[in-house]
Amino acid sequence: MKLNVNERRNMNNGFIKLHRKILDNPIIMKDAEHLAIWIYLLLEATHKNIYKIFKGKKITLEAGQLITGRNVISKELNINSSKVQRVLDDFEKEQQIEQQM
């Protein structure tokens, strides 16, 4: 999903907190790409319930959810899309995230 400039600008307001314990997580700290994708997911996730139109239907994104895809992440972070998919699969396998289609 692509966000228009105003939506992106609105999401850039605010901050997230990172706990130092993130450094103790072997999945997230596996390599630089794992860490970059993890932080990207945290930054893109909603912090409150919002409504979006997705595939022509109005949906509610709850706090902590986001709509994205490996190609979007790949382009944003300049990481090969197959690597992004492997990282997302690692996160899901270790129950760090839940992917929904």
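This is a predicted model: local features need pLDDT of at least 70, side-chain atom pairs count only at pLDDT 80 or more; totals for chains, interfaces and linings use all residues.
Asn 25 belongs to the loop that runs between helix 1 (5-11) and helix 2.

Two polar contacts involve the side chain of Asn 25. One reaches the backbone nitrogen of Ile 28, at 3.1 Å. The other is a contact of 3.4 Å with the side chain of Gln 96.

## Overall layout

The protein chain contains four helices and two strands. Along the sequence these elements follow the order α-α-β-β-α-α. Of the 101 residues in the protein chain, 23% are buried.

The accessible surface of the protein chain is about 7,800 Å², and carbon and sulfur atoms account for 50% of that surface. Among contacts between residues at least 6 apart in sequence, 47% join residues at least 24 apart.

## Helix 2 against helix 4

Helix 2 (residues 32-44) packs with helix 4 (residues 81-93) at an angle of about 75 degrees, and their axes are 10 Å apart. Because of that angle, helix 2 counts as roughly perpendicular to helix 4. The residues of this contact comprise seven nonpolar, one polar and three charged. On the helix 2 side they are Glu 33, His 34, Ile 37, Trp 38 and Leu 41. On the helix 4 side they are Lys 83, Val 84, Val 87, Leu 88, Asp 90 and Phe 91.

Asp 90, located in helix 4, is buried at a relative accessible area of 17%. The side chain of Asp 90 makes a polar contact of 3.5 Å with the side chain of Lys 30. Leaving out residues up to four places away in sequence, Asp 90 touches Ile 27, Lys 30 and His 34.

## Leu 35 in helix 2

Leu 35 sits in helix 2 and is partly exposed, with 26% relative accessibility. What does Leu 35 touch, if residues up to four places away in sequence are not counted? The contacts of Leu 35 are with Ile 22, Ile 28 and Met 29.

Leu 35 and Val 87 are 52 residues apart in sequence, and their C-alpha atoms are 9.6 Å apart in space.

## Helix 2 against helix 3

Helix 2 also pairs with helix 3 (residues 70-77): the two axes come within 11 Å and cross at roughly 110 degrees. The range for roughly perpendicular is 65 to 115 degrees, so helix 2 is roughly perpendicular to helix 3. Helix 2 contributes Ala 36, Ile 37, Tyr 40 and Leu 41 to the contact, and helix 3 contributes Val 72, Ile 73, Glu 76 and Leu 77. These residues divide into seven nonpolar, no polar and one charged.

Leu 77, which is found in helix 3, is partly exposed, with a relative accessible area of 27%. When residues up to four places away in sequence are left out, Leu 77 touches Ala 36, Ile 37 and Tyr 40. The C-alpha atoms of Leu 77 and Ala 36 are separated by 7.6 Å, although the two residues are 41 apart along the chain.

## Residues with positive phi

Most residues other than glycine have a negative phi. Where does Lys 55 lie? Lys 55 is in the loop between strand 1 (50-54) and strand 2 (57-61). Its phi is positive, near 55 degrees. With 72% relative accessibility, Lys 55 is exposed.

Gln 95 also has a positive phi, near 60 degrees. Gln 95 is placed in the segment after helix 4. Is Gln 95 buried or exposed? At 73% relative accessibility, Gln 95 is exposed; the cut-off for that class is over 50%.

Note on methods
Residues are numbered from 1 along each chain as its sequence is written. Side-chain values use heavy atoms; hydrogens and water are left out. Axes are lines fitted to C-alpha atoms, for helices over the stretch in contact, and angles run from 0 to 180 degrees between N-to-C directions. Angles under 35 degrees count as roughly parallel, over 145 as roughly antiparallel, 65 to 115 as roughly perpendicular and the rest as oblique. Contact means heavy atoms within 4.5 Å. Ala, Val, Leu, Ile, Met, Phe, Trp, Tyr, Cys and Pro count as nonpolar, Asp, Glu, Lys and Arg as charged, and the others, Gly among them, as polar. Buried means under 20% relative accessible area, exposed over 50%, partly exposed in between (1.4 Å probe, protein chains only). A polar contact is a pair of N or O atoms within 3.5 Å; within protein, one must be able to donate a hydrogen and the other to accept it, and residues adjacent in sequence count only if both atoms are side-chain atoms. Accessible areas come from the Shrake-Rupley method with a 1.4 Å probe; for residues, only the protein chains shown count as cover.
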